[in-house]
Amino acid sequence: MYFVNEHHAVNYKLTLIQWPSAASDLEYAAACYILAVPMIFEKIVDELDNHESPIDWILNWEDKSIEKPVYQLHISMIQLGRLALHLWNGCEPFNLLECLHSLQGHHYEVAKTAMDIRMGRAG
């Protein structure tokens, strides 16, 4: 499995502790993997206990009816979050090309790995 760096791997293990169902649920596993990306995890870690699922951070960001969360997200973080939503339920409007275009360097590998996880092709 591809990890951006050692922090990504450690963050992923922490998310698996938070949501143990990720061990057998591919939707949870892919969402935990994306949430664990250091640039995202660093913004969200203090709120993890308030989240019922590993996609709540982006759901809260996207929800137009509530005040925007206090954390600031860059476009690549938002697009990875939208990818997590799309891999979670497939219902959210999502443009894969827009997502890939927003990613820099190693985050392209993150997107590919998240899709492999969701499809059951990563270990």
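Biologist: Does R82 count as buried, partly exposed or exposed, and what is the relative accessibility behind that label?
Modeller: Happy to start there, keeping in mind that this is a predicted model. Buried would need under 20% relative accessible area and exposed over 50%. R82 falls in between, so the label is partly exposed, at a relative accessibility of 26%.

Biologist: Which side chain does R82 meet in a salt bridge?
Modeller: The salt bridge of R82 has an N to O distance of 2.4 Å, and the partner is E62. R82 lies in helix α5 (residues 75-89) and the partner in helix α4 (residues 56-62), so the pair ties together parts that are 20 residues apart in sequence. The name you want is E62.

Biologist: How many residues apart are R118 and E27?
Modeller: Their side chains meet in a salt bridge, at 3.3 Å from N to O. R118 sits in helix α7 (residues 107-118) and E27 in helix α2 (residues 26-35), and the pair links distant parts of the chain. R118 is partly exposed at 25% relative accessibility, and E27 is partly exposed at 25%. The separation is 91 residues.

Biologist: Which helix holds both K112 and E109?
Modeller: These two side chains form a salt bridge with an N to O distance of 3.5 Å. Being 3 residues apart, K112 and E109 are separated by about one helical turn, and the helix is α7.

Biologist: How many salt bridges does the count come to?
Modeller: A pair counts when a side-chain nitrogen of Lys or Arg is within 4 Å of a carboxyl oxygen of Asp or Glu. By this rule the total is 3.

Biologist: Turning to the rings, is the pair of Y12 and Y33 stacked, tilted or edge-to-face?
Modeller: A search of the whole structure finds 4 aromatic pairs. In this one the ring centres are 6.1 Å apart and the planes stand at 80°. Planes over 60 degrees apart get the last of your labels, so Y12 and Y33 are edge-to-face.

Biologist: What is the angle between the planes of Y28 and W88?
Modeller: Y28 is in helix α2 and W88 in helix α5, so this pair ties together parts that are 60 residues apart in sequence. Y28 is buried at 18% relative accessibility, and W88 is buried at 15%. Their rings lie 4.7 Å centre to centre and form a tilted pair, with the planes at 55°.

How values were computed. Residues are numbered from 1 along each chain as its sequence is written. This is a predicted model: local features need pLDDT of at least 70, side-chain atom pairs count only at pLDDT 80 or more; totals for chains, interfaces and linings use all residues. Side-chain values use heavy atoms; hydrogens and water are left out. Helices (H or I, at least four residues) and strands (E, at least two) are DSSP runs, numbered from the N terminus. Buried means under 20% relative accessible area, exposed over 50%, partly exposed in between (1.4 Å probe, protein chains only). Rings of Phe, Tyr and Trp (its six-membered ring) pair if their centres lie within 6.5 Å; planes under 30 degrees apart count as stacked, over 60 as edge-to-face and the rest as tilted.
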